[in-house]
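Here is a short briefing for a first look at this model. Please keep the sequence and the 3D view side by side as you read.

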Amino acid sequence: MKITYTHKKTAEGGIKGGGKISYNAQIVYSGTMSVTDFVEIFRQNARLESYSEAEKYYDILQATCIECLQKGKIVPLSLMGQIYPKIKSKRVESEDKVNLSSIIRLDAYLATNRFFKKEMRKVKLAKKRKRRRKIILEL
């Protein structure tokens, strides 16, 4: 298993013209996994007989997580961490002005635990190589 990364150019925030340029690492995603592929891997790992059975368990897991998050519960995913409901709102001058119109977004957040972080540290990282330009010589 390995994750490929590359560099990303960033400018200094809040300075007209960008200020000092710096670089940081950014993951080169190898694509988005389809639900079908994920459920198939899930089926194999769970040693389930049929794909439809694995798909049913996958759907039940998702529906249960959503249901609990909608009730304001923290959902434990023992090997990964916990999923929390998350809210983003505008800042207002007084507590009386905190209402539905001050809420910008309702979302969820995965807070990973030590085990998950330790497992992710086992992944090898590889820097993406620049593609070499092909030189065509005409004689």
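Helix H1 covers residues 35-46, 12 residues in total. From first C-alpha to last, H1 reaches 16 Å, close to the 16 Å expected at 1.5 Å a residue. That expected span is 1.5 Å times one less than the number of residues. Helices (H or I, at least four residues) and strands (E, at least two) are DSSP runs, numbered from the N terminus.

The model is predicted: local features need pLDDT of at least 70, side-chain atom pairs count only at pLDDT 80 or more, and totals for chains, interfaces and linings use all residues. Residues are numbered from 1 along each chain as its sequence is written, and side-chain values use heavy atoms, with hydrogens and water left out.

**The largest pocket**
- The largest pocket holds about 1,100 Å³ of space.
- Of its 24 lining residues, Phe38, Tyr58, Leu61, Met80 and Phe116 are the closest to the centre.
- A pocket here is an open set of points on a 1 Å grid over the protein atoms alone, where a 1.4 Å probe fits, with protein on both sides within 12 Å along at least five of seven lines; lining residues have an atom within 4 Å of a point.
- Grid points are joined across faces, edges and corners, and the volume is the space filled by probe spheres set on them.
- H1, helix H2 (51-70) and helix H3 (114-121) each supply at least two lining residues.
- H2 gives the largest share, 6 residues.
- By type, the lining has 18 nonpolar, 5 polar and 1 charged.
- Ala, Val, Leu, Ile, Met, Phe, Trp, Tyr, Cys and Pro count as nonpolar; Asp, Glu, Lys and Arg count as charged; the others, Gly among them, count as polar.

**Paired strands**
- Strands E3 (residues 75-77) and E4 (residues 81-89) pair antiparallel over 3 bridges.
- Two strands pair if DSSP finds at least two bridges between them.
- A hairpin of 3 residues joins E3 to E4.
- Leucine 77 has glycine 81, in E4, as its bridge partner.
- E4 also runs antiparallel to strand E5 (residues 103-112), joined by 9 bridges.
- Isoleucine 83 stands opposite leucine 110 in E5.

**Alanine 11**
- Alanine 11 lies in strand E1 (residues 2-11).
- Alanine 11 is partly exposed, at 45% relative accessible area.
- Buried means under 20%, exposed over 50%, and partly exposed in between (1.4 Å probe, protein chains only).
- Beyond neighbours within four places in sequence, alanine 11 is in contact (heavy atoms within 4.5 Å) with Gly18, Lys20 and Ile21.
- Glycine 31 is 20 residues from alanine 11 in sequence and 27 Å away in space, C-alpha to C-alpha.
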